[in-house]
Amino acid sequence: MEFNKSVREDPWYLRVPLILFSVLFIGIMVIGPMVNVFAQGLELGLGVAFAAMAHPHALHALRLTLTAAVIAIVLNVTFGIAVAWAIARFRFRGKAVLTSLIDLPFSVSPVIAGLIFVLLFGAYGFIGPLELSPVAQRIGNTIILGFVGLVLAWLNSEFNLLSFAFRPRWARLILVLGFAGLGCIQPVTDLDRIQIVFAVPGIVLATAFVTFPFVARELIPVMEAIGPEEEEAARTLGASGWQMFWYVTLPNMKWGLLYGVLLCNARAIGEFGAVNVVSGKLAGRTDTLPIYIEKLYQGFGAVQTASAFAISSLLCCLALLTLVFKTYLEWKNRQYLQEQVKKEAS
Amino acid sequence: MTGQKRRALPGFGLSLGYSLFYLSVLVLIPLAGCFIKASSLSWSQFWHAVSDPVAVAAYKLSFSTSIIAALLNAFTGLIVAWVLVRYEFPGKKLLDALIDLPLALPTAVAGITFANLYGSEGWFGQHLMFLEPDGFVGHWFSEDGWFGSTLFTLDTRARGGPLAIVVVLMFVGIPFVIRSVQPVLAEFEIAQEEAAASLGASRWQTFRYVILPALLPAWLTGLALAYARGLGEYGSVIFVADGIPGKTLIPPVLIIAKLEEFDYARGTFKYEEAAAIASVVLTMSFITLVLINLLERWSKKFEPSEA
């Protein structure tokens with residue numbers, strides 16, 4: 001042990017300067033800017049800071065930011081679980097390609113992520129704002145409700161929900177055709193125009209795009225590390241697919257999933273470039289928090305600047321909170337995987 | 001485990017089908033739309049949009065500032081990773097946790113705080129006035145200064161100029177090199193260092209010929225990740241750069257300007273030109289992505305195989 005120590009022990013004249021350099025570097029590049037956010041936010045006193053946070057536009061921006069983040073998280077968690085299940089549990093052709101395609105949005109500049117949705121749904125884009133004629137509305141409804149019927153039919157075949165009244169084949173037919181027919185007769189929505197760009201749906205799309213890989217790339221290694229044995233055991237013991245997922249798969253991957261959600265959330269709340277392009281920046285309507293901060297900062301006067309920093313300190317607190325949770329989850333996940341290894345060994 | 005046995009688990013069709021559907025709708029089709037829009041221009045129009053001097057200057061600026069920031073991060077990141085893995089000192093855990101702040105902090109917040117810090121009245125900026133064109137270092141590099149008039153001029157301003165862009169790109173790239181190198185350094189086996197030491201290698205020789213080669217793949221991967229991040233960065237840069245076309249304007253800003261520019265002759269916005277510039281930037285980042293993948297595959301070869 002003594003020998004080990006002496007080989008790795010660097011002399012003090014190397015150790016001290018290197019530690020000082022690292023502390024100074026992180027101090028100047030990370031801690032200084034962070035402290036500056038709080039200092040500038042409180043420059044004109046707590047009153048101004050609170051007034052800035054309580055402004056109706058700020059509250060609206062906060063609500064919109066959270067809405068977009070929540071929808072993006074739900075979409076990406078669904079995708080993450082599905083793709084991790086397919087990649088970590090099955091072999092199929094093109095798996096390597098699919099795995100590398102997941103990371104694609106990371107290499108796309110945020111502004112381009114916004115641009116592609118403007119090109120699709122903008123006033124002069126390929127599709128443009130969705131204008132729905134009565135016929136198109138009916139067709140859309142038929143497809144959407146038919147899809148709902150399909151999902152229900154799948155759920156039914158998994159759990160035999162309707163087994164008391166129908167045979168599986170009849171249940172499937174009734175569910176799909178019934179729902180599709182319902183959509184054909186009765187429009188569920190009376191929307192005739194869906195504005196996507198410069199409205200909330202565009203913000204959600206852009207946010208979902210930039211946070212696309214986070215959950216999936218955390219889940220895949222976790223599920224690969226855990227292995228399919230417990231799930232196979234559950235199936236052998238007669239669990240339905242849903243039971244297996246709910247009682248085995250989900251508890252097994254919960255730390256990895258939470259970690260992915262955390263990263264996804266941090267990025268979704270802070271996203272600026274992509275949202276900036278698609279939001280149209282309508283005050284009190286399509287401003288998210290980062291965009292609201294930009295507007296305040298570009299505005300004139302000390303109060304505006306202090307307000308921008310006050311709201312920034314809110315986001316900075318959120319970032320620090322994210323780091324705390326991240327450290328906790330990393331620790332928890334490591335612990336969990338070690339337990340798994342121990343379990344397998346015994 | 002055979003493929004047949006794995007299929008015993010349910011949900012393959014549904015999970016893969018849904019994944020492909022979501023991937024196509026959200027990512028692949030919109031990205032393809034960008035290239036299709038760009039290809040609706042004729043070749044000469046495309047070339048005109050893409051090789052416009054302002055656009056070329058923007059690519060160059062983005063390329064050079066990202067690479068400089070990534071290289072600086074590679075250098076400092078190696079030291080910080082070394083310190084975090086090898087040494088014990090008070091506050092180490094805190095320092096380690098703060099490394100990830102640039103990933104969690106919204107880029108717009110980073111942008112305004114850096115713009116403020118390095119502004120003429122900011123904590124750092126007020127001590128950096130010598131870098132301004134009328135300060136002594138700035139003057140030295142300006143057209144009238146000795147260096148600028150004999151060799152080449154350099155924009156040394158601490159705010160608004162390329163230097164400011166490098167600083168924020170360094171900020172957003174800090175975690176990548178450190179987080180790539182850290183695990184490899186932590187797993188590095190002491191036996192190899194002992195072997196080197198017992199064969200008479202000095203500490204420096206051990207580092208140079210034993211440790212560094214093992215770190216190299218992870219180090220390069222971190223550098224490439226930091227570079228890729230810098231290439232696409234927008235939120236923080238627009239606050240610190242003054243955005244003079246041809247000088248301190250990055251491609252994303254140019255793309256937004258094209259999107260908002262109305263073409264009166266045709267009665268539409270210049271979507272195609274925006275798409276053309278975007279497709280050049282996208283191609284550049286895809287090449288970087290492929291490079292990163294190759295690097296990662298290469299670095300896997302270096303992992304000690306337990307046999």
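**Two helices in chain B**

Reply: This is a predicted model. In it, B:Ser62, B:Thr65, B:Ser66, B:Ile67, B:Ala69, B:Ala70, B:Asn73, B:Ala74, B:Gly77 and B:Leu78 of α4(B) meet B:Trp219, B:Gly222, B:Leu223, B:Ala226, B:Tyr227, B:Gly230 and B:Leu231 of α12(B). By class, the residues of this contact are ten nonpolar, seven polar and no charged.

Me: At what angle do the axes of α4(B) and α12(B) cross?

Reply: Two packed helices are described by the angle and the distance between their axes. Here the axes of helix α4 (residues 53–86) and helix α12 (residues 203–232) of chain B cross at roughly 145° and come within 8 Å.

Me: Is the crossing of α4(B) and α12(B) right-handed or left-handed?

Reply: The crossing of these two helices is right-handed.

Me: How many residues does the contact take from chain A and from chain B?

Reply: Chain A gives 77 residues and chain B gives 78 residues. On the side of chain A that touches chain B, helix α2 (residues 12–41) of chain A supplies the largest share, 17 residues. That side of chain A has 53 nonpolar, 14 polar and ten charged residues.

Me: How many helices and strands are there in chain A?

Reply: Chain A has 15 helices and two strands. Its radius of gyration is 26 Å, well over the 20 Å that the globule rule gives for 346 residues, so chain A is more spread out than a compact globule. The C-alpha trace of chain A spans about 80 × 65 × 35 Å along its principal axes.

Me: What percentage of the residues in chain A is buried?

Reply: Of the 346 residues in chain A, 39% are buried.

Note on methods: Residues are numbered from 1 along each chain as its sequence is written. Chains are lettered from A and ligands numbered from 1 in the order in which they are written. This is a predicted model: local features need pLDDT of at least 70, side-chain atom pairs count only at pLDDT 80 or more; totals for chains, interfaces and linings use all residues. Two residues are in contact if their C-beta atoms, placed from the backbone, lie within 7 Å. Helices (H or I, at least four residues) and strands (E, at least two) are DSSP runs, numbered from the N terminus. Ala, Val, Leu, Ile, Met, Phe, Trp, Tyr, Cys and Pro count as nonpolar, Asp, Glu, Lys and Arg as charged, and the others, Gly among them, as polar. Axes are lines fitted to C-alpha atoms, for helices over the stretch in contact, and angles run from 0 to 180 degrees between N-to-C directions. A crossing is left-handed if the near helix is turned anticlockwise from the far one by less than a right angle, and right-handed if clockwise. The radius of gyration is taken over C-alpha atoms; the globule rule is 2.2 Å times the number of residues to the power 0.38. A residue is buried if 20 or more other C-beta atoms lie within 10 Å of its own, exposed if 12 or fewer, and partly exposed in between; C-beta atoms are placed from the backbone.
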